[in-house]
Amino acid sequence: MTWSSGYVTEVEYTYGYYSESHPGLLALACIYAGVSPPQSDSLHYLELGYGQGLGINFHASAFDGTFWGTDFNPVQAARAQALSAAAANNAILKDDSFFDLAARKDLPDFDFIVLHGIWTWVSDDSRRAIVDIIKRKLKVGGIVYNSYNCKPGWAPAEPLRHLMTLYSDFSASESKGTLNNITGALDFCEEIASAGALYFQGNPSVRARLTAISSMNKNYLAHEYFNQNWELMSFSDMVKWLSPAKVEYVCSAHLLDHIEPINIGDAGRRILDSINHTVLKESVRDYFVNQQFRRDIFIKGPRRLLLEEQRNLLRAQLFVLTSVSSEIPKTVQGALGAASLQAEIYEPVVAALAMDDYRAKTIDELLQHSDLRNTEFSKIVQALVVLVGAGHVFPAVFPTPEAKKKCTRLNAYLRHRAEYHDDVHYQVSPVTRSGVALNRIQQLILLARDAGLSSPEEQAPFVSKILLSQGQTIVKDGKAIEDEGERLAELVRLAADFAHRRLPVLQALEIA
């Protein structure tokens with residue numbers, strides 16, 4: 001066995017940001033579920049399997065505390081360390097295996113230990129090392145966040161994954177490389193499906209999945225489908241695995257999971273309400289929503305909040321819009337499909353959050369809005385939870401000067417990196433202490449602003465020169481723009497639209 005233990009290392013993982021690993025969002029999920037989050041003035045945070053390190057560097061730059069992480073792919077560790085050096089955030093980022101990390105004598109105790117999507121793709125021995133770390137190094141009251149592919153939703157597609165890996169094992173060519181072999185595996189499965197294989201006919205959702213993943217990023221697919229270790233796990237089995245670490249399941253980190261009417265019908269909710277045992281209740285819920293990917297929060301020694309304690313913690317929390325107010329949809333997506341938002345609550349909540357140039361606000365401040373003064377506190381809270389879960393609002397703070405400096409340094413590094421690469425589509429906000437989505441052209445417009453180019457007419461040639469130097473062009477309506485005048489006109493339009501719509505939000509978030 002090589003040092004990689006069967007994990008894909010020859011292909012790097014994507015630069016993703018997963019907000020569920022955010023300490024503030026994890027705390028909000030716990031509070032909403034009626035459980036006390038970790039109480040610490042300066043948090044200690046560990047991420048196991050940080051990928052390219054974008055998330056942990058965002059958090060280490062924006063939060064006060066000590067941030068540790070490991071990812072045993074040394075190439076990814078080097079990239080993560082470069083991000084940390086650019087921000088000067090003092091994150092401790094290792095390329096240790098989980099076994100080596102567990103053996104370290106200098107590992108502190110942690111308030112948060114997070115794993116996003118790692119559990120599915122590691123061996124049982126690695127899982128035991130993870131459990132050992134949690135058992136010995138998670139503080140009492142501390143949070144474990146663990147996300148993983150699960151049953152029953154993933155189960156019908158497991159044979160598809162098996163077929164793809166069989167092709168990779170027996171028909172693929174090492175000389176062609178991993179990414180070409182993934183393309184070959186997808187084509188092979190499509191050929192079998194088109195030839196009338198009854199498996200695909202009997203599982204139409206799997207055929208739809210095959211079509212969908214064929215257009216996905218191949219680096220992502222390499223890690224999602226082609227690791228040697230790959231195991232679906234039921235929630236009940238996850239509870240058994242983590243039991244030796246003395247942690248208890250609290251709630252989902254995905255806030256929309258907390259809003260049952262958008263996920264489960266009346267009859268289903270009546271059944272769930274009749275079940276008292278957590279393991280059985282969560283397992284049955286997974287069947288109702290056909291759960292494919294769980295985002296679990298466990299706590300070592302969870303403490304239930306009194307109603308007044310919960311209310312006071314929610315009152316103290318700031319919230320801020322991360323989306324343009326006029327573009328927030330009137331619906332939200334749950335397991336049952338699209339659900340309409342109550343206009344009489346959501347519209348004034350969004351309007352109140354957009355006031356004063358998108359300044360972050362408390363719930364009490366929202367209740368001062370003329371259309372919300374008679375609204376129940378609980379309904380405002382639920383509206384905010386839904387908007388956070390849908391990605392339009394985020395928990396916020398008044399950032400410290402040091403956090404602002406670190407975030408500014410990291411954002412500047414990423415903007416300059418966007419001159420040459422189109423793989424990081426985020427900047428970090430010291431207000432939300434999280435990643436905020438921005439595509440490459442938007443980052444280059446910010447880079448132009450950094451250079452003193454304030455108008456769209458000045459920014460467009462700046463961006464165009466960078467793209468042309470790399471043989472890239474602008475695409476409009478699915479077609480590349482070849483004419484230089486048309487290209488500049490389109491970039492001017494994009495920059496003007498950015499200044500009008502997106503920039504005010506980014507200024508409130510202290511990204512621009």
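**Rings, helices and backbone: questions and answers**

Reader: In which helix is F498 found?
Author: This is a predicted model: local features need pLDDT of at least 70, side-chain atom pairs count only at pLDDT 80 or more, and totals for chains, interfaces and linings use all residues. Residues are numbered from 1 along each chain as its sequence is written, and side-chain values use heavy atoms, with hydrogens and water left out. Helices (H or I, at least four residues) and strands (E, at least two) are DSSP runs numbered from the N terminus. F498 falls within residues 484-508, which is helix α21.

Reader: Is F498 buried or exposed?
Author: Buried means under 20% relative accessible area, exposed over 50%, and partly exposed in between, with a 1.4 Å probe and protein chains only. F498 has a relative accessible area of 4%, so this residue is buried.

Reader: Which residues does F498 touch, leaving out those up to four places away in sequence?
Author: Contact means heavy atoms within 4.5 Å. L446 is 52 residues from F498 in sequence, and their C-alpha atoms are 9.8 Å apart. The residues touched by F498 are L438, Q442, I445, L446, L503 and L506.

Reader: How many aromatic pairs are there?
Author: Rings of Phe, Tyr and Trp (its six-membered ring) pair if their centres lie within 6.5 Å; planes under 30 degrees apart count as stacked, over 60 as edge-to-face, and the rest as tilted. By this rule the count of aromatic pairs is 12.

Reader: Which class of pair do Y45 and F112 form?
Author: Take the distance first: 6.4 Å centre to centre. The planes stand at 40°. That pair is tilted.

Reader: How many residues apart are Y45 and F112, and in which strands do they lie?
Author: Both residues are buried. Y45 is in strand β1 (residues 43-48), and F112 is in strand β4 (residues 110-116). The pair links distant parts of the chain, 67 residues apart.

Reader: Which residues form one aromatic cluster with Y45?
Author: Y45 and F112 already form a pair. The cluster around Y45 also takes in F63, F67 and F112.

Reader: What class of pair do W154 and W230 form?
Author: Both W154 and W230 are buried. Their ring centres are 4.9 Å apart, with 70° between the planes. The pair is edge-to-face.

Reader: How far apart in sequence are the parts tied together by W154 and W230?
Author: W154 lies in the loop between β5 (138-149) and α6 (158-170). W230 lies in the loop between α10 (218-225) and α11 (235-242), so the pair ties together parts separated in sequence by 76 residues.

Reader: Which charged residue sits over the ring of W154?
Author: A charge sits over a ring if NZ of Lys or CZ of Arg is within 6 Å of the ring centre and within 35 degrees of the ring normal. R311 does this over F377, 4.1 Å from the ring centre. Over W154, 4.2 Å from the ring centre, sits the charged end of R209.

Reader: At roughly what angle do α1 and α17 cross?
Author: Axes are lines fitted to C-alpha atoms, for helices over the stretch in contact, and angles run from 0 to 180 degrees between N-to-C directions. Helix α1 (residues 23-32) and helix α17 (residues 377-389) have axes that come within 12 Å. They cross at roughly 145°.

Reader: What is the handedness of this crossing of α1 and α17?
Author: A crossing is left-handed if the near helix is turned anticlockwise from the far one by less than a right angle, and right-handed if clockwise. The crossing of α1 and α17 is left-handed.

Reader: How many nonpolar residues has the contact of α1 with α17?
Author: L25, L28 and Y32 of α1 meet V381, Q382, V385 and V388 of α17. Ala, Val, Leu, Ile, Met, Phe, Trp, Tyr, Cys and Pro count as nonpolar, Asp, Glu, Lys and Arg as charged, and the others, Gly among them, as polar. The contact has one polar and no charged residues; the nonpolar count is six.

Reader: Which residues does M238 touch, not counting those up to four places away?
Author: M238 has its place in helix α11. At 0% relative accessibility, M238 counts as buried. This residue touches W119, N146, Y148, M233, D296 and F298.

Reader: What is the phi of D357, roughly?
Author: D357 lies in helix α15 (residues 343-358). At 67% relative accessibility, this residue counts as exposed. D357 is not a glycine, yet its phi is positive, about 55°.

Reader: Near what omega is the cis peptide bond from K151 to P152?
Author: P152 is found in the loop between β5 and α6. The bond from K151 to P152 is cis, with omega near 5°.
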